Amino acid sequence: MRVPSPWCSKARARNEPAPTAGRPLGPLDPDSRRVIGAASSPGPEPLVRPRVAPPMLVIRPTSGWRSLDLREVWRFRDLLLMFAVRDLKLRYRQTALGVAWVVILPLLGAGVFALVFGRVAKLPSAGVPYFLLAYAGLLGWNLFQGTLTRAGGSLITNAPLISKVYFPRVIVPLSAAVSACVDTLVAMGLLVILLPAYHVALTPAVLLVPLWLLLLQVLGLGLSLYASALSVSYRDVSHILPVLVQFLLYASPVGYRAAQVPHAFQAVYLLNPLAGLLEGLRWSLLGGTPPRLGAVLYAAAVSCVVLVVGAFAFRRMERRFADVL
Amino acid sequence: MSSNELAIAVRGLSKEYLLGPKRQFGTLAEMVVHRVKHPLHRQKHETLWALRDVTFDVRRGEVLGIIGRNGAGKSTLFKVLSRITEPSAGEAQLFGRVGCLLEVGTGFHGQLTGRENIYLSGSILGMRRKEIDRRFDEMVAFAQIDRFLDTPVRHYSSGMYVRLAFAVAAHLEAEILLVDEVLAVGDAEFQDKCLGKMQDVAQSGRTVVFVSHNEETVRRLCSSAMLLQEGQIAFVGHPDDAFRHYRAQRNEAGREFDATRRVRRSPDLAIVHAALSIDGVRALEIPSGSRPVLTCVVEVKRRTRFAAEVLIRTRESVPILYAAANPAHGIYSDLEPGTHTIRSELPLPAMAAGRYWIDIMLGLPQAPCMDYIEEALAIDVLPGAHSGSGCRTVQSRRHGCVFIEAIPLRDSTVPRGATPQRPSRHDGRGALTADAE
């Protein structure tokens, strides 16, 4: 009976002396691949065939601003989806109502707004049921708010991964944004029932809905990129963010229309890009007076600038994430 | 195995960590206030070079082990090569697709099912979805969890969890594999399975860089080893040599008498010195199965009765051998006050190679020790051929430390139905009796 003994090290026989042992290592000339091969094959050994293929990956320090490297993000698109799917699945797992929460929450919110602003404060609703007005506002708001809070805290919640695995870090807040977007689209689906129920007819302006959603997300993502990157070093951000969100909720036309803001404050009010975007979304869904073009262009420009600045700032701060987290 | 083609070229790689600013800002507000007050002031930081000017090559098919003590820069090197963090200087070129095997179960989520976790964990490790689809069945088979695929993994036994996690990682298709202490988990059987898989990977011609503390694993897997010390390469070469350097570095290549860990002391007696020798030559490296002589110098202050005893412990402080280093009849009773030398031969059994500690104590049975020095000596048992099969043992928790040769008996095949004579239950008087069944 011959049983392989656990003490026997089978690998031993293969352990030839290391090829790198005691060999002087030459300097690397990044411009010449030949040098690598030649430098590491000194002595009487047969000369190493110089490698023609360039390295698949070169790791070297970077500094200052750097490119967004969107190609790398595209390479990791599967991971982006997996993260988004994970977030969505986890949020509603172990809940009795499951995905229904996506619809219930804005319904409840709209109900409260309709009660407070519509019934108690008796704000005019320009011919649209107040409930619908608030629901449309909340759809846009939830998209912005969901993106900002989920993506803003995403780096902290995924800290164990970030300090252990490489992937483009921007995948994390991006996937949070995707999951917020999915929630909003589901909630928007309810309008198919709500609009006929309230006898509101769609106008051609509905075609602009994707544009509003995109801009809202661009704004939310831009802010959250900056916030999440900053939150890695300064956890203060996670305390400030909810307060900021609360403030913005009342400073934006979510539960009321921008037209309700006194004329004296209109100019200041419209500095908030959310005003233009939320009014635009509401107009597209429910009709009524279109938002002023100037306000819309201003909001779009601010959103794009915020995203670009946020993305570059993220890339700049990104290289410290794994060291700090 | 290794060819001449390069897989990894590292040149002057350095990584500097900021140990925190000399001026610490606890909150954002403090930072903002400081920035406003001193807009042009640049922060000064305490720094630490976790890696300093590291230069090496790894050839295709080579299995390189990276060893070194905690803080030597192993993990930092791993993190830089796997792109988790950027180097501060230098450059690394990787010729081929890189895959990382890290702590088993990274990216797993307890609420998700086995199937979902395979996809999530696979994507995190860098696999494409199509790739996971293709190897899905293989992974499930390797992990042996097909019945529980759609159960959330938090209901898994820890064994199933670890198997699944490793299965995903093990099917990563990469030309260069970076492995960080993955084998530190699971039971012995699973560790063997992992090691086997790793050996397959190594033999399939892929390049492996293996960061580990575990001497046994590195010796078993790696064709060469690199020793890091304070962020610099202290040695590159054969694993055995690397570990010799490693032990020397940790001051572990045996250690002369040291009484700092004296736990008890009576005024009457003291161990002044102790040493081991082989053939009259003082030795700290003892070949397995040899008979070193322990020389113990004892200072007797008052005439007293005592016995000298020796305890040999493993690296993990587990006592494995006990020897009464006494004269023929047990107890020294008539030593005059003064300094005496006690010499006794220790017929050591075949022992696993590695580090052992020797405790020396003076005392009487059933009485408090008079002198007890923990870790008085440290010896390094060198590997030796223990048996005809030429096996070499390495100290490990799994295989024990003392090797005895089992002697196959000629009549060991017993016909069915017959009661074999086998020693069993202890009868309480110190003898073994055959179990009457």
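Author: Let's start with helix 5 of chain B, which gives the most to the lining of the largest cavity, with three residues. Bear in mind throughout that this is a predicted model. The lining of the largest cavity takes in eleven residues, and those nearest its centre are L102(B), E103(B), V104(B), G105(B) and A169(B). The space inside the largest cavity comes to about 80 Å³. A search of the whole structure turns up three cavities of 30 Å³ or more.

Now the helix itself. Helix 5 of chain B runs over residues 158-170, so to speak, 13 residues in a row. From first C-alpha to last it reaches 18 Å, close to the 18 Å expected at 1.5 Å a residue. Its buried residues are M160(B), V162(B), L164(B), A165(B), F166(B), A167(B), V168(B), A169(B) and A170(B).

Chain A has a helix 5 of its own, covering residues 130-157. That one has 28 residues and reaches 38 Å between its end C-alphas, close to the 40 Å expected at 1.5 Å a residue. Of those 28 residues, 21 are buried, so helix 5 of chain A is largely enclosed by the rest of the structure.

A126(A) lies in the loop between helix 4 and helix 5 of chain A. With 54% relative accessibility, A126(A) counts as exposed. A126(A) and T289(A) are 163 residues apart in sequence, yet their C-alphas are 9.2 Å apart in space.

On to the aromatic rings. Over all chains, the structure holds 14 aromatic pairs. One of them joins F76(A) and Y166(A), edge-to-face, with 6.0 Å centre to centre and 85° between the planes. F76(A) belongs to the loop between helix 2 (70-75) and helix 3 (77-92) of chain A, while Y166(A) belongs to the loop between helix 6 (159-162) and helix 7 (171-189) of chain A, so this pair ties together parts that are 90 residues apart in sequence. Both F76(A) and Y166(A) are buried.

What about F117(A) and Y256(A)? Their ring centres are 5.9 Å apart and their planes lie at 65°, so this pair is edge-to-face; the cut-off for that label is an angle over 60 degrees. F117(A) is in helix 4 (residues 100-120) of chain A and Y256(A) is in the loop between helix 10 (236-251) and helix 11 (263-269) of chain A, so the pair ties together parts that are 139 residues apart in sequence. F117(A) and Y256(A) are both buried. They also belong to one aromatic cluster, made up of F113(A), F117(A), Y256(A) and Y269(A).

In chain A, R316(A) lies over the face of W65(A), 4.7 Å from the ring centre. In chain B, R355(B) lies over the face of W357(B), at 4.2 Å from the ring centre.

As for cysteines, the structure holds zero disulfides over all chains. C304(A) is partly exposed, with a relative accessible area of 40%, whereas C222(B) is buried, at 0%.

D69(A) has a positive phi of about 55° although it is not a glycine. You'll find D69(A) in the loop between strand 1 (57-59) and helix 2 of chain A, and its 32% relative accessibility makes it partly exposed. E230(B) also has a positive phi, about 45°, and is not a glycine either. E230(B) is in the loop between strand 8 (224-229) and strand 9 (232-237) of chain B, where it counts as exposed at 65% relative accessibility.

One last stop in chain B is G205(B), in the loop between helix 6 (188-203) and strand 7 (207-211). At 30% relative accessibility, G205(B) is partly exposed.

How values were computed:
Residues numbered from 1 in each chain as written. Chains lettered and ligands numbered in written order. Predicted model: local features only at pLDDT ≥ 70, side-chain atom pairs only at ≥ 80, totals over all residues. Heavy atoms only, no water. Helix = DSSP H or I, 4+ residues; strand = E, 2+ residues; numbered from the N terminus. Expected span 1.5 Å × (residues − 1). Buried < 20%, exposed > 50% of the residue type's maximum accessible area, 1.4 Å probe, protein only. Phe/Tyr/Trp six-rings, centres within 6.5 Å; stacked < 30°, edge-to-face > 60°. Lys NZ or Arg CZ within 6 Å of the ring centre and 35° of its normal. Disulfide = S-S within 2.5 Å. 1 Å grid on protein atoms, 1.4 Å probe; cavity = no way out; pocket = protein on both sides within 12 Å on 5 of 7 lines; lining within 4 Å. Points joined across faces, edges and corners; volume = space filled by probe spheres on them.
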